[in-house]
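Colleague: I have a few minutes before the next meeting. Can you take me through this one, pairing first and then the contact between chains?

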Amino acid sequence: MSIIQIESLKKTYRETEVEVHAVNGIDLSFEAGEFAAIVGPSGSGKTTLLNLIGGLDSPTEGKIVINNTNISNLSASQIIDFRLWNIGFVFQAYNLIPVLTAKENVEFIMHLQGRKKQEREQRTKDLLTSVGLGNRLNSRPSQLSGGQQQRVAVARALASKPKFVLADEPTANLDSKSTENLLDIMEKLNREENITFIFSTHDARVVKKAHRVITIEDGKVVSDERK
Amino acid sequence: MANINLQMAWRNIWRNKLRSSVVIAAITVGLFGGLAASGIMKGMVMDMIDNALENTVSHIQIHDEHFIDNSEVVFLMKNSNILVQKINSEPEVEAVCERTKAFGMASTASKALGVMINGIEPDKEKKVTKIYTKLTDSLSSYFTTEKKNRILISQKLADKLNAKVKSKIILTFQDYDGNLTGASFKVEGIFKTQNAMFDEQNVFVRKKDLDRLLNMPANTSHEIAVLLKDYHKTPEVVDKLKKITSYHIEAWNKIDPYLELTTSLTGFMLLIFMTVILLALGFAIVNTMLMVILERTKELGMIMAIGMNKRKVFIMIMQETTLLTLTGGILGILVSIIFITYFGKAGIDISGVAQGIEALGYSSVMYPQLSLTDYLQVIVMVLLTGIISSIFPTIRAIKMKPAEAVRMD
């Protein structure tokens with residue numbers, strides 16, 4: 001069954017006199033356990049689409065149903081709570097809280113959820129070990145490489161036990177080795193723990209690994225391929 | 001949550017060490033300035049009050065009602081010796097003395113001046129007022145001889161009358177029957193208090209000498225002065241004494257309303273001082289926090305995107321602001337406590353720069369002091385400043401749209 005159902009989604013920005021149709025009528029659905037990439041040139045609307053799915057932005061028309069909840073109907077505070085419990089985020093940069101250690105960054109989201117200390121600590125350790133950072137628990141982001149920081153971000157995104165993880169150009173600032181490494185880890189998590197990943201990217205290395213590639217141009221889906 | 005939030009707030013403060021240090025230093029110096037100035041002012045005022053109570057006013061005074069308005073010899077209190085005994089038996093009372101008082105003229109060969117002649121019983125007076133500790137030179141003594149007609153005058157009066165120890169001074173006044181009378185007195189001692197006005201207007205002689213010259217009836221006096229063990233109990237004792245006697249009873253703050261006015265004014269000045277200082281600091285704090293939020297737009301956007309709600313963001317920024325303010329506040333208060341405690345004992349001598357301050361009744365050595373309540377009041381004010389200063393920056397923070405904040409370059 002699909003965990004994300006998108007119907008006739010539109011998002012229009014009004015910049016001075018001109019209307020920009022960033023997302024212009026998209027219908028899509030995602031199943032649990034997908035490893036999907038949304039690709040397209042700059043300005044094609046892939047980030048807007050990702051923001052809409054993540055509830056960071058609200059659509060002008062159409063609806064997004066996640067696990068039977070139409071998120072367009074949620075109030076501002078409900079949507080924040082919804083994000084906290086249902087969606088994991090990995091951003092391009094500035095992903096971690098610089099004053100917290102790797103361990104504290106991962107724990108932070110479970111603090112927000114109000115999970116118990118014991119559970120927090122165990123899960124943090126497990127997650128950081130699974131992204132290969134079991135020995136860097138107490139390092140601050142500034143002491144980690146870009147690739148390591150993104151792996152902490154993946155661990156943090158999973159810490160809240162979300163329904164799926166949204167990653168907005170996660171490899172944009174990484175070298176090939178770190179990209180390879182990050183993708184391997186995400187793929188492994190997807191394969192072994194059935195975690196759903198949806199990326200936006202224009203990185204060919206990511207596209208190669210993805211099991212499904214959705215191409216967007218001018219706010220519309222132009223192709224949707226499954227490998 | 002509370003724990004990690006506070007940890008985050010503390011670490012965030014030290015992300016920009018220089019900027020936070022400048023703000024903390026500003027708060028520290030500002031608070032120290034305000035507290036030290038208030039402490040010095042309060043010390044001066046309390047010293048003046050102590051002096052006034054010790055040397056002149058005492059805690060409670062009793063007179064015939066008419067004597068208050070018109071200090072004539074006839075308005076005396078009968079059986080005052082019995083009243084003194086009764087007052088003495090009250091547990092709160094430290095000491096009691098009675099006085100005969102007469103307006104008169106003090107004259108020497110060179111000059112004549114109007115003075116209040118105080119007839120005192122030296123042994124009892126010593127327990128109530130401290131004039132005997134204020135003698136200026138080694139030749140002076142405080143009614144040590146039993147010889148008749150000895151007088152104690154102030155340094156100021158001695159200068160004006162061109163008199164010194166062993167000089168003769170003629171006192172002229174009206175007696176109980178309205179006849180003009182007078183006698184020659186020999187200066188036994190010269191004193192100096194911190195109240196120049198009091199010094200200029202008062203001379204002291206033995207009560208029995210003055211009673212005899214005034215023709216006073218036996219066992220009478222014009223004034224009874226009471227010293228309490230604890231002056232805070234003045235109102236209670238006044239109430240008690242009102243049941244014992246129908247004569248007019250006054251507490252120190254009514255005898256000299258200026259004293260009470262000054263006390264309450266000092267408290268008020270501390271409040272004004274601190275409000276102005278903290279208001280100025282508040283603007284600096286708001287400015288700093290706005291910069292902080294601008295710098296952390298992406299980070300805050302990310303935190304909100306992953307699911308931190310507005311209430312928690314609000315609390316996070318407020319904690320950071322308050323912690324920053326409180327750090328400076330506590331440092332400032334600590335420095336002030338050290339300053340005030342040290343100089344409260346050692347004293348600050350300002351006689352070199354503040355001539356004439358004694359003429360106003362203040363001591364030229366200042367002993368700054370502040371009470372625990374004063375400090376607590378300031379801590380609460382600092383805390384409020386922190387919280388109030390955080391409101392504007394926090395509103396800025398929670399208005400951010402996470403989607404835009406995260407992607408901002």
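Modeller: Start with one residue pair: Leu9(A) stands opposite Ile26(A) in E2(A). Keep in mind that this is a predicted model.

Colleague: How many bridges do E1(A) and E2(A) pair over, and is the sense parallel or antiparallel?

Modeller: There are 11 bridges between E1(A) and E2(A), and the sense is antiparallel.

Colleague: What sheet do they belong to, and in what order do its strands come?

Modeller: It is an open sheet of four strands in chain A, ordered E2-E1-E4-E5, with antiparallel pairing. Strand E2 (18-31) and E5 of chain A are the edge strands, each pairing on one side only.

Colleague: Which strand does E4(A) join with five bridges?

Modeller: That is E1 of chain A, residues 2-15, which runs antiparallel to E4 of chain A, residues 61-66. Within the sheet, Lys10(A) has Glu61(A) in E4(A) opposite.

Colleague: And how many bridges join E4(A) to E5(A)?

Modeller: Two bridges, again antiparallel, with E5 of chain A covering residues 69-70. Val65(A) is opposite Asn70(A) in E5(A). E4(A) and E5(A) make a hairpin with two residues between them, and in the turn Asn67(A) has a positive phi of about 50 degrees.

Colleague: OK, changing topic. How many residues does each of chain A and chain B put into the contact?

Modeller: Chain A puts in 26 residues and chain B puts in 23 residues.

Colleague: What area is buried, and what part of it comes from carbon and sulfur atoms?

Modeller: About 2,300 Å² is buried between chain B and chain A, and carbon and sulfur atoms give 68% of that.

Colleague: How many residue pairs are in polar contact there, and how many salt bridges are there?

Modeller: Between chain B and chain A there are five residue pairs in polar contact, both residues at pLDDT 80 or more. The salt bridge count between these chains is one.

Colleague: Which side chains meet in that salt bridge?

Modeller: Arg11(B) and Glu104(A), at 2.6 Å from N to O.

Colleague: Which elements of chain B give two or more residues to the side that touches chain A?

Modeller: Four helices of chain B do: H1 (2-13), H12 (297-305), H13 (310-346) and H15 (402-407). H12(B) gives the most to that side, with six residues. By class, the side of chain B that touches chain A has 12 nonpolar, seven charged and four polar residues.

Colleague: How many salt bridges does a search of the whole structure find?

Modeller: Over all chains, the search finds 33 salt bridges.

Colleague: Last one. How is chain B divided into domains?

Modeller: Domain 1 of chain B takes 2-52 + 260-407, and domain 2 takes 65-246.

Colleague: What distance separates the centres of domain 1 and domain 2 of chain B?

Modeller: The centres, taken over C-alpha atoms, are separated by 50 Å.

Definitions and conventions. Residues numbered from 1 in each chain as written. Chains lettered and ligands numbered in written order. Predicted model: local features only at pLDDT ≥ 70, side-chain atom pairs only at ≥ 80, totals over all residues. Heavy atoms only, no water. Domains from an automatic or database assignment. Pairing = 2+ DSSP bridges. Contact = heavy atoms within 4.5 Å. Buried area = accessible area lost by both parts, 1.4 Å probe. Salt bridge = Lys/Arg side-chain N within 4 Å of Asp/Glu carboxyl O. Polar contact = N/O pair within 3.5 Å; in protein donor to acceptor, adjacent residues only side chain to side chain. Nonpolar A, V, L, I, M, F, W, Y, C, P; charged D, E, K, R; others polar.
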